[in-house]
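Please keep the sequence and the structure in view while reading.

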Amino acid sequence: MDKILVARAVFPDVLERLREHFDVDDNQGDRILGGDELRARLRGKRGCFITGSERIDAALLDACPDLRAVCNMAVGYNNIDVQACTQRKVLVTNTPDVLTETTADFGFALMMATARRMAESEHFLRRGEWKNWRYDMFVGPDVHGATLGILGMGRIGQAIARRGAHGFGMPVIYHNRSRLPLETEQALNARYVDKATLLREADHLVLVLPYSPESHHAIGAAELALMKPTATLTNVARGGIVDDAALAQALRDKRIAAAGLDVFEGEPKVHPELLSVPNVVLTPHIASATHKTRHAMASLAADNLIAALGRGPNAGKPPTPVNPQVLG
Ligand code: 8YV
């Protein structure tokens, strides 16, 4: 039986299914496996089930030459050096589609909570500071009818645009590496603009682009300076796309009205300045966290691993490969 590592705690039924096919080294204690320990546990394994928290790089692959499949329980795979995997004929898989609508729900909710100052006003109430109603208490910008800006118009970006366009009457502007087909733009009430126009015109800007060296600090001081002082910024993509220090400064200076962040540079650490500014809603990377979706993500990662190592009904045909050329 092939040996695999399940690097993090996972749903018991998913683990059981993996045990039907493999000799499983699991980590249900969920202690984070650091560099050396991850390397030691991966040695001799043919496959691994990981999450966005584990890093797979060339050095690790060289130390674990038996490894043939790296299956991520996440749609984003910036934690994996895909090129190094492809060069060594290691298959990489991710979990697209199953989390699109759930993540879009959360992105939209975070944007609304940010615009309507829900966290800030809740903290005020909990501190016992609510003595009187006032006409201007926690007023903020409207969401309905405002211009929704989307940076990164993939599956999740489009699902957020749909919510804004059809539920809230929002004109949508977007910037992306490639432009959407005209029919899709029309269906989403979306207009393609350059990045500077997006920053200047959006009332609520939502980031949904993948993290890569090209998107590192795509939003920094210069970009924040282009935004409207009444605008909000929401990030449900990856930490590192936003320069958190520059954002904290912009929030403190009221350069923009507010931000909603589900992801952070160097998470689970959060920039200390972000913890002290009031006009930011902070959540611990939970955009895909519904029972159904997390289970679907884990099941899909397991399906990929089982098929990648030549087992089960889809043997040799993992459903969502990132580097399918390895299969060919
Ligand atoms: C995961 C995510 O919860 O899928 C992604 O890319 O960011 C989240 O849905 C996280 O990466 C854990 O694997």
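Which residues of β10 point one way, and which the other way? Thr-232 and Thr-234 point one way, Leu-233 and Asn-235 the other, and all are buried.

## Basis

The model is predicted: local features need pLDDT of at least 70, side-chain atom pairs count only at pLDDT 80 or more, and totals for chains, interfaces and linings use all residues. Residues are numbered from 1 along each chain as its sequence is written, and side-chain values use heavy atoms, with hydrogens and water left out.

Helices (H or I, at least four residues) and strands (E, at least two) are DSSP runs, numbered from the N terminus. Buried means under 20% relative accessible area, exposed over 50%, and partly exposed in between (1.4 Å probe, protein chains only).

## Around β10

In a regular strand the side chains alternate between the two faces of the sheet. β10 (232–235) runs parallel to β9 (residues 204–207), joined by four bridges. Strands pair if DSSP finds at least two bridges between them. Leu-205 has Leu-233 as its bridge partner in β10. Four bridges also join β10 to β11, again in parallel. There, Asn-235 stands opposite Leu-261.

The chain crosses from β10 through α11 to β11 in a right-handed β-α-β crossover. Right-handed means that, with the strands pointing away from the viewer, the path from the first strand over the helix to the second runs clockwise. β9, α10 and β10 also make a right-handed unit.

## Helix α11

α11 spans residues 244–252. Its buried residues are Asp-244, Ala-246, Leu-247, Ala-248, Ala-250 and Leu-251. They pack against α10 (221–226), β10, β11 (258–261), α12 (272–276) and β12 (280–282). Contact means heavy atoms within 4.5 Å.

Asp-243 caps the N-terminal end: a side-chain oxygen lies 3.2 Å from the backbone nitrogen of Ala-245. A polar contact is a pair of N or O atoms within 3.5 Å; within protein, one must be able to donate a hydrogen and the other to accept it, and residues adjacent in sequence count only if both atoms are side-chain atoms. Just after α11, Lys-254 takes a positive phi of about 60°.

## Strand β7

β7 (residues 172–175) is covered on both faces. Val-172 and Tyr-174 are buried on one side, Ile-173 and His-175 on the other. His-175 is the bridge partner of Leu-151; Ala-190 is that of Val-172.

Right-handed β-α-β units are made by β6, α7 (residues 155–168) and β7, and by β7, α8 (residues 182–187) and β8.

## Pocket and cavity

The second largest pocket has a volume of about 230 Å³. Of its 14 lining residues, the closest to the centre are Glu-120, His-123, Val-277, Pro-278 and Val-280. α6 (118–126), α12 and β12 each give two or more residues to the lining. α6 gives the most, with four.

The largest cavity has a volume of about 50 Å³. Its lining includes Thr-114, Arg-117, Glu-120, Pro-278 and Val-280.

On a 1 Å grid over the protein atoms alone, a cavity is a set of points where a 1.4 Å probe fits but cannot get out; a pocket is an open set with protein on both sides within 12 Å along at least five of seven lines; lining residues have an atom within 4 Å of a point. Grid points are joined across faces, edges and corners, and a volume is the space filled by probe spheres set on the points.
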